[in-house]
Amino acid sequence: MKSTEIRLKNRPVGLPKASDFEFATVELSDPAPGEALVRNTYMSVDPYMRGRMNAGPSYIGGFEIGKPLTGGAVGQVVKSNDPSLQAGDLVESFLGWREAFVAKAKALTKLPQLNAPPQTFLGTLGMPGMTAYGGLLHVGEAKAGDVVMVSGAAGAVGSVVVQIAKAKGCTVIASAGTDAKVEWVKRLGADYVINYKTAGALTTAFAKGAADGIDVYFDNVGGEHLEAAIALGKLNARIALCGGISIYNAAAPPPGPRNYLMLVGKNMRMEGFTVARFASKRDEFLSDMSQWIAQGKMKWEETVMNGLDQAPEAFLQLFKGGNTGKMLVKLG
Ligand SMILES: NC(=O)c1ccc[n+]([C@@H]2O[C@H](COP(=O)([O-])OP(=O)(O)OC[C@H]3O[C@@H](n4cnc5c(N)ncnc54)[C@H](OP(=O)(O)O)[C@@H]3O)[C@@H](O)[C@H]2O)c1
């Protein structure tokens with residue numbers, strides 16, 4: 001069986017270009033003992049992949065020039081040579097950016113039996129959802145009555161942060177990059193939402209929704225958003241540093257928040273984290289999420305592009321605000 005895969009052709013400078021990727025078709029062998037052949041049905045594109053395209057260290061491991069890219073994917077087992085899997089099983093892997101592959105069965109995770117479409121395990125019920133859950137509750141320590149601020153609120157992670165915060169009894173102030181996204185985030189339950197592109201100075205804009213300040217900031221964006229959160233933080237406020245998409249394509253890293261010394265006087269904590277930290281909390285996460293879904297407290301959207309050839313463009317659209325909810329590529 002043949003499979004087309006996408007490889008990194010050049011290390012991007014600034015915003016990646018289509019020419020930084022190349023396509024190759026490979027012949028797959030039959031699965032050896034302990035292996036299975038899987039056809040991907042959906043693959044994920046995620047902002048963190050941008051850092052993996054650079055030379056130098058990355059917290060997940062960098063991409064290599066001329067080698068296929070990797071990332072989250074869900075697919076169906078076509079042929080198995082391992083007793084733990086059967087043809088037809090739905091599995092999650094880290095072998096996206098390709099149509100099909102042969103891998104060790106232990107590198108595949110059978111999708112949980114939850115009443116949700118398989119691709120949800122790449123979004124709300126997968127890595128982005130777990131990032132939101134762990135970052136908000138375990139790093140940000142959000143609790144009932146807190147004022148939670150979240151940027152990138154119409155994205156895969158941010159939209160889950162908004163809804164978990166509401167389910168926990170918090171007030172939520174949020175930002176997104178278009179008026180349509182702002183309306184969607186309000187429908188998810190956020191109390192006050194700004195369009196950060198048209199709102200003017202962000203500290204002033206967010207302050208209108210949080211007159212007494214904020215207790216928790218979940219940062220997906222960095223830059224001016226982070227400075228606004230520091231300025232608005234109450235005594236003992238927490239910042240859960242999840243990502244900084246506003247600077248991922250910067251040729252040289254910009255200086256950090258100019259007002260960081262306010263953290264001192266406010267006894268504020270700013271803590272970075274990666275989702276891997278919460279691996280042991282997966283059952284707790286899925287159990288809470290199932291309940292919130294059943295109670296109508298957890299909703300999601302997907303932006304889906306069709307075909308492997310669209311994967312580079314789907315990835316680039318993350319930096320242009322092209323997605324509402326999770327950005328996915330449908331394969332097959
Ligand atoms: N720490 C971890 O383990 C971990 C795990 C997953 C994700 N993350 C991070 O979490 C963040 C969100 O990831 P995601 O998967 O949920 O992506 P996403 O929000 O679904 O997609 C990216 C969104 O970022 C916004 N954006 C792009 N450029 C921006 C800019 N210059 N300023 C402000 N917003 C901008 C766009 O929305 P607008 O239209 O609103 O601009 C875009 O739709 C990223 O920083 C990612 O790296 C971290």
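This is a predicted model: local features need pLDDT of at least 70, side-chain atom pairs count only at pLDDT 80 or more; totals for chains, interfaces and linings use all residues.
Residues are numbered from 1 along each chain as its sequence is written. Local features need pLDDT of at least 70 and side-chain atom pairs count only at pLDDT 80 or more, while totals for chains, interfaces and linings use all residues; side-chain values use heavy atoms, with hydrogens and water left out.

**Exercise 1. The whole chain**

Find how the radius of gyration of the protein chain agrees with that of a compact globule.

Solution. Step one: the rule, for a radius taken over C-alpha atoms, is 2.2 Å times the number of residues to the power 0.38. Step two: for 332 residues a compact globule would come near 20 Å, and the protein chain has 20 Å, so the two agree. Step three: look at the extent, where the C-alpha trace spans about 65 × 45 × 35 Å along its principal axes. Step four: count the elements, which are 9 helices and 15 strands (DSSP runs numbered from the N terminus, with H or I of at least four residues for helices and E of at least two for strands).

**Exercise 2. Helix α2**

Work out how many residues of α2 are buried.

Solution. Step one: buried means under 20% relative accessible area, exposed over 50%, and partly exposed in between, with a 1.4 Å probe and protein chains only. Step two: apply this to α2, where 11 of the 13 residues are buried, including P128, Y133 and L137.

**Exercise 3. The largest core**

Name the residues with the most contacts inside the largest nonpolar core.

Solution. Step one: such a core is a set of buried Ala, Val, Leu, Ile, Met, Phe, Trp, Tyr and Cys residues joined through side-chain atoms within 4.5 Å. Step two: the largest has 45 residues, and L136, I164 and V185 have the most contacts inside it. Step three: among the elements giving two or more residues to this core are α2, α3 and β11. Step four: a separate core of 23 residues includes V45 and F63.

**Exercise 4. Around S151**

Decide whether S151 is buried or exposed, and list some residues that it touches.

Solution. Step one: S151 is in the loop between β8 and α3. Step two: S151 counts as buried because its relative accessible area is 0%. Step three: leaving out residues up to four places away in sequence, S151 is in contact (heavy atoms within 4.5 Å) with residues including S175, D219 and H225.
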